[in-house]
Amino acid sequence: MTFAKQIVRGLAVGAIAVGLTTAASAQNGTNFHVLSNGLDAVYLNIGGGSGQTGGADGIGNWIDGNDLRGNYITALGEFGYRQSTFFTSECVLGAPPAVALDFPGILFIEFDGRNPNDQDIFTRPACTAGLPNGTTTAGFLPYGISPGASAQFFLAGLPTGAGLPSTAAILLPNNGLAPASNGGTATLIAAAGAALPISSTGFCWIVMFTWTPSALVGLDNIDGWWHWNINSVNNNQYWGLSNDELNVYSSNTVALSGNQTALNTFFASFEYEWHGTTADPSMNNALNPAGINGTGPYYAADNGALNPNGGWDLGRHGGASISGTGGTINPITGNGTQNPAGTPSGGIPTYGYMSWNNEVSGLRTVWHQVDWAGTFGVDPDTLGAGYNALVGPPGQRLPVGVSSLVNPAPGWPQGVSIAQFPLMFHTPTSGHPETDPLGFPAGSFGIVGQWGATNMLPINGLSEVCTIGLPVAVQYGSVAVKSDLSDFEFNPAVDKISASGNIMIID
């Protein structure tokens, strides 16, 4: 199997490793896109040690295209997401054949041609008999498969010009790639390698990779990005995992072992621990702090807003449980991943947002609405240009689409958006005592900790969602508000519209 396109948007990267010490460089305008709940553990056979082959096996992670929705026209001529930097987590342990952090291959592959609202492999949550799938499992949820396909994942070679060994093979999700009639494409948009000297083994590290000379840009309405890391050739570099994600569907993480002869999948509550940053203000969904370890950096955050639990949980989640008992089962507790029972934080189910804006400190609010296209599985590419709510100056759009194209009554903007603007006011500011999402003091990577959080709204007691037969998708993003509250501020020279996100509401 070959890629549909060769590199067309590849960029060089520079790297900074942070372990015992920190290094900083100016990164204003770089905003955290939180993709996991923090590093909790490393495991044999995941990155290094017995069963792993250096320079061959690796680990992959999927980002849903609904969370890669940028709201400015990019150099590619369409709306698109812009990733400024990304972070990897790894531990170098055991006797060293070489003392270094080693990354033989770092790849970002853009999948397109299918439907981000009806995923093939990393399927979105579904309901059966009034319950979300996963609530009665042991924590493993099966991956989906493309129609007519015989494999969920397969090995593929790299195209020429990737800058990596042509003999290297990587794991790909079969998101409509085979049979070819399914119309899926996989475009390698960036590839790099790196080796960074360190003083000794026995420590865990965070490595920040910065795209130069500008951000890595994605196309609009894609299926998703596949991020693949090849194991260190030294076979002593273990990938860091989070074991208390609040996911409601299958883990986005898979790994190879046995010299590419075996596939490792994970409990839904497990993910590879890594993060990205966006060039635009970010929006991160915040839920009740129900992680079993109680160690999330914002589990006791004080933002001055309504916050019944005294904090919140960040990560990708994939869905919010109204009852708090939903989500896939965490095998350590036997409870649903969002069930506060037995967790250090306890509390009640809540729903809100946390936003970084490292360029401007000003009042913002959230546009969020029922995403009818996401709820009914409608491909956004079929909705045409009218789906974009364009605002001036030209070249930008609202962070939510025109939902009336899918569900005309009762019109658009939706009442929930208008009614909750006042509940979602927030002002990103710096100087918070909390760490960055990686657990380091804010500013350790040169990224100012300028964030704000909305009210954390209690959602327990609301009507159950799965009783209607399917989860409800919610699309969200933030915009600036004029200081006198007279209107929104759409001038990007004053403040910017955020990137968008999407979450499924279940019970």
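Which cysteine forms a disulfide with Cys 91? In this predicted model, the partner is Cys 204, and the two sulfur atoms are 2.0 Å apart. The torsion about the S-S bond is 95 degrees, and the link is right-handed.

The two ends sit in unlike surroundings. Cys 91 has a relative accessible area of 1%, so it is buried, since the cut-off is under 20%. Cys 204 is at 42%, which makes this residue partly exposed.

The structure has two disulfides, so let me turn to the other pair. Cys 127 is bonded to Cys 466, with 1.9 Å between the sulfur atoms. This disulfide is left-handed, because its torsion about the S-S bond is about -70 degrees. Here too, distant parts of the chain are linked: Cys 127 lies in strand E8, residues 127–128, while Cys 466 lies in the loop between E29 and E30, 339 residues apart. Both Cys 127 and Cys 466 are buried. Counting bonded cysteines along the chain, the pattern is 1-3, 2-4.

Now the largest pocket. Its space comes to about 460 Å³, and 17 residues line it. Those nearest the centre are Val 416, Ile 459, Leu 462, Val 474 and Ile 505. Strands E25, E29 and E30 and helix H2 each give two or more residues to the lining; E25 gives the most, three.

What classes of residue make up the lining of the largest pocket? There are 13 nonpolar residues, four polar and no charged ones.

Key. Residues numbered from 1 in each chain as written. Predicted model: local features only at pLDDT ≥ 70, side-chain atom pairs only at ≥ 80, totals over all residues. Heavy atoms only, no water. 1 Å grid on protein atoms, 1.4 Å probe; cavity = no way out; pocket = protein on both sides within 12 Å on 5 of 7 lines; lining within 4 Å. Points joined across faces, edges and corners; volume = space filled by probe spheres on them. Helix = DSSP H or I, 4+ residues; strand = E, 2+ residues; numbered from the N terminus. Nonpolar A, V, L, I, M, F, W, Y, C, P; charged D, E, K, R; others polar. Disulfide = S-S within 2.5 Å. Buried < 20%, exposed > 50% of the residue type's maximum accessible area, 1.4 Å probe, protein only.
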